[in-house]
Amino acid sequence: MKRFVNIILIFCALSSCAQNNVFPDNINTTKTNDGFRIKGTGVFFQPREGFEYIKQMARYQKNEKLYLQVVETNTNGFSKVKQGLTRQAIEAKGAKVDVIKNVKFNQFDAIYIEGPSKFPGETKISLFFGGENFVVMIVGVCKTDDGEGKKELQDLLKSAYYDDSSQIDPFELADFEFDNSITNFKYVMTASNLYRYAENGERDNKNDTANSFEIGSFGKTPDDAAPNLMNNIIASYERNGVEFKNKTIVKTKINGFNSYVLQSEMTLSGKTGIMYMVIMMRDKTTVAFMGNAFNDTDNYLNKFKRTVESIKDK
């Protein structure tokens, strides 16, 4: 689960903003008729002039340097995830925290975080909350010197509402299909537009060395950004104890699309397995696939390759 959340944050391009605005200890909001829901989540925002809702990215943005992105996961609970949302835990991974505080978001315990991005001149603001079996991450990005932009993001957070009665289709944002009969892995969980499958389904949810894969789509990515994205994913795996024998990224064509591939032996918790990772640059969106197996590896490597080749638009 921890590795899965880290990958999600990479896709969100977690960054940071100047800290001259104080965020409140309590947010009390109600659902209104003019609010709109971020697909794949139960989060509602109030419309704001100049902002655009990009459904596939679960993002509400004014521009590429000023936006809020929302991710909701449907397994584990906030009490588990918040153990890693401490200044010590975050800074141990190399990030910097300027502000971190416990807040109340309506009936939910929440944590608000500000800090500089790994990208110079950018800042992140983030709000994390959840219940017994879900977690919501609202990640905001702005330029560090854009105090007004930061205030706009904070105002959106302060007017947001979460409807825990929303019946959300876990595949609501999926704009692609693939042949799951190749592996016969079972669905485990969703995090907005990222999906996890494992050999034994939910029984493998907390098994880091389960035969499994993650697959998801996000906004169209420039070709030259894909290697950096893959390197960030690799680094995320390494922070969670995975050691790669090979980290060479190969550019190739899969189904006629430019694709970036990492195929490597790996070790985790004393077990040796294989990793097959692909970033496929499709016409409208970019699809990511991360497959790992710790037994019958030649067989599963072949199945992972065939699964990626079966990806098509919905």
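Residues are numbered from 1 along each chain as its sequence is written, and side-chain values use heavy atoms, with hydrogens and water left out. Because the model is predicted, local features need pLDDT of at least 70 and side-chain atom pairs count only at pLDDT 80 or more, whereas totals for chains, interfaces and linings use all residues.

The protein has an average pLDDT of 89, a score that gives the predictor's confidence in each residue from 0 to 100. At least 70 is reached by 93% of the residues. Confidence is lowest in helix α1 (residues 2-11), with a mean of 52, and highest in helix α6 (residues 297-309), at 97. Helices (H or I, at least four residues) and strands (E, at least two) are DSSP runs, numbered from the N terminus. Over residues 12-20 the pLDDT stays under 50; for this stretch the model has 50 contacts beyond four places in sequence, a contact being heavy atoms within 4.5 Å. Where pLDDT is low, the predicted coordinates should not be read in detail.

An open sheet is formed by three strands in the order β2-β3-β11, with antiparallel pairing. Its edge strands, β2 (36-37) and β11 (161-162), each pair on one side only. Two strands pair if DSSP finds at least two bridges between them, and two bridges join β2 to strand β3 (residues 43-45). Across this pairing, Arg37 stands opposite Phe44 in β3.

The largest nonpolar core has 53 residues. Such a core is a set of buried Ala, Val, Leu, Ile, Met, Phe, Trp, Tyr and Cys residues joined through side-chain atoms within 4.5 Å; buried means under 20% relative accessible area, exposed over 50%, and partly exposed in between (1.4 Å probe, protein chains only). Phe45, Leu127, Phe129, Ile138 and Ile215 have the most contacts inside the largest core. Apart from it lies another core, of 20 residues, including Phe218, Leu262, Met266 and Phe294. In soluble globular proteins, nonpolar side chains tend to be buried together.

Phe129 counts as buried because its relative accessibility is 0%. Residues up to four places away in sequence aside, Phe129 touches Val43, Phe78, Phe105 and Tyr162, among others. The model contains 28 aromatic pairs: rings of Phe, Tyr and Trp (its six-membered ring) pair if their centres lie within 6.5 Å, and planes under 30 degrees apart count as stacked, over 60 as edge-to-face and the rest as tilted. Phe129 and Tyr162 form an edge-to-face pair, 5.6 Å centre to centre with 75° between the planes. Phe129 lies in strand β9 (residues 122-130) and Tyr162 in strand β11, so the pair ties together parts that are 33 residues apart in sequence. Tyr162 also counts as buried, at 5% relative accessibility.

The pair of Phe185 and Phe304 is likewise edge-to-face, because the ring centres are 6.3 Å apart and the planes at 75°. Phe185 lies in the loop between β12 (176-177) and β13 (186-191) and Phe304 in helix α6, so this pair ties together parts that are 119 residues apart in sequence. Both Phe185 and Phe304 are buried. They belong to a cluster linked by ring pairs, whose members include Phe176, Tyr195 and Tyr300.

Phe176 is found in strand β12 and is buried, with a relative accessible area of 6%. Beyond its neighbours within four places in sequence, Phe176 is in contact with residues including Tyr195, Ile215 and Ile311.
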